[in-house]
Amino acid sequence: RQFIARTRGPYIKVSKEVRQQLTERRRTKRLDEDQEIQAVLNYMNSKATDLACKFKQPHHHYLERFTLGSVVHHRKRNKTSAWHAFMHFQGIRTNANKDMHERSNIADFVKETTEYHQLTTEQKTKLILDFDEVKKGARDRPPNITARSRATECAHSFQYVKEEFEALKQRVGVEAIVVMVRGVSNFSMAPKAFFTSSAAEQFVRLYLRKDVAQLATDFESTILANGLILNSATNHRERVTNAKAAIRTGLRLSLCEVTNNPSASMEFTKYEKLVSTYFVKLVGWNHPQWANPSDLKGGIESLENVVEAIRLRHCRFVVIDQEEVKERARHIKNGETLTPELEPPVPLEPPPSNTVAPPTRAHTPPHATTADISPLSYPVPDNSQPD
């Protein structure tokens with residue numbers, strides 16, 4: 001094949017008006033093309049929705065088939081081969097009553113072709129009909145749904161849901177919160193949560209006053225209990241566990257609220273780092289020990305007293321001013337270990353209504369609202385039960 005060099009034609013100078021007309025013509029043509037393509041896409045999306053409702057299949061299943069086009073639509077319907085049917089029944093007949101390690105594989109069968117070539121046309125036709133019945137029975141058999149296949153299907157479907165919401169957010173600007181948990185207990189799956197933005201996640205933390213993991217876990221427990229919310233512990237160990245969990249969650253939510261940072265984290269054993277990082281302090285801590293909630297001692301009553309103080313917002317984080325920041329920085333520089341015991345405790349009893357409470361140095365952050373200072377709703381076990 002010979003390649004002929006292309007030569008550029010003579011340059012024709014056109015006026016500004018003609019260039020504008022050509023530009024407008026190209027723009028119009030491009031818009032018409034885009035409209036036609038969008039009409040086809042809308043039609044395909046509508047048909048995919050109709051097929052999904054009719055045949056109970058996922059919406060994306062038909063969109064993928066439409067995208068593949070003629071590769072799937074015009075695929076060949078291969079007839080059953082007499083050789084394949086012979087190999088199938090030969091394998092069943094040869095491996096019958098044999099242990100797993102003694103069975104032959106397909107590579108051994110294909111070496112022996114003498115018996116196949118001795119078959120008559122009627123025998124081959126009979127093999128094909130029998131093999132078609134076997135394949136039809138396999139297609140009609142319900143799928144083998146196992147615990148692993150359920151978890152895999154849930155993971156794949158949840159990923160598709162996330163992609164759909166992300167695409168919908170880009171197209172029309174919506175926000176969504178999706179939480180998926182098990183509805184039955186015969187398979188294992190971790191609760192899944194998805195937020196289309198950090199603002200949606202912050203809504204759960206600040207306004208619903210729930211950690212995301214705790215929200216999903218409580219949701220799953222409620223569903224598995226057929227809608228019954230189990231707040232009360234049945235024994236002393238459960239009361240201790242619930243109280244320590246409530247302390248951990250309540251203090252972290254208080255820190256996220258006062259710093260307006262939903263990702264704020266705290267280490268109970270490094271209180272001085274908490275003070276120097278977020279410029280806050282903990283007031284109203286009424287337990288004789290300061291440690292990780294898992295290591296707190298003193299009995300169930302002292303733990304539930306802390307939970308009650310957190311619920312009533314007597315024990316909470318507050319912002320410190322610049323003088324306190326400098327003072328605590330000096331203590332930290334001198335190698336001192338700061339603990340909430342050094343802070344003046346807030347009285348647990350509210351002041352009488354006919355008296356005026358003295359002003360305090362701790363100030364409410366400028367972003368606090370009426371919803372921000374409402375009491376936290378933490379599950380507190382009934383103190384009337386015996387320890």
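**Stop 1: a helix and its neighbour**

Select helix 13 and helix 11 (236–259) together: the buried residues of helix 13 pack against helix 11. Here a contact means heavy atoms within 4.5 Å, and buried means under 20% relative accessible area, exposed over 50%, and partly exposed in between, using a 1.4 Å probe and protein chains only. Helices (H or I, at least four residues) and strands (E, at least two) are DSSP runs, numbered from the N terminus.

Before you go on, keep in mind that this is a predicted model, where local features need pLDDT of at least 70 and side-chain atom pairs count only at pLDDT 80 or more, while totals for chains, interfaces and linings use all residues. Residues are numbered from 1 along each chain as its sequence is written, and side-chain values use heavy atoms, with hydrogens and water left out.

Now colour residues 300–311, the 12 residues of helix 13. From first C-alpha to last, helix 13 reaches 16 Å, close to the 16 Å expected at 1.5 Å a residue (the expected span is 1.5 Å times one less than the number of residues). Which residues of helix 13 are buried? They are I300, S302, L303, E304, V306, V307, A309 and I310. Following helix 13 you'll meet R313, with a positive phi near 65°.

**Stop 2**

Show the side chains of R239 and E304, which meet in a salt bridge at 3.2 Å, N to O (a side-chain nitrogen of Lys or Arg within 4 Å of a carboxyl oxygen of Asp or Glu). R239 sits in helix 11 and E304 in helix 13, so this pair ties together parts 65 residues apart in sequence. R239 is buried at 1% relative accessibility, and E304 is buried too, at 3%.

**Stop 3: another pair**

Next, pick R182 and E220, whose side chains form a salt bridge at 3.0 Å, N to O. R182 is in the loop between strand 1 (177–180) and strand 2 (192–195), and E220 is in helix 10 (residues 212–224), 38 residues apart. R182 counts as buried at 16% relative accessibility, and E220 does at 10%.

**Stop 4**

Select E267, K270 and K273, which are linked in a network of salt bridges. K273 and E267 meet at 3.8 Å, N to O. K273 is partly exposed at 45% relative accessibility, and E267 is partly exposed at 37%.

**Last stop: zoom out**

Show the whole protein chain: 14 helices and 4 strands. Of its 387 residues, 25% count as buried.
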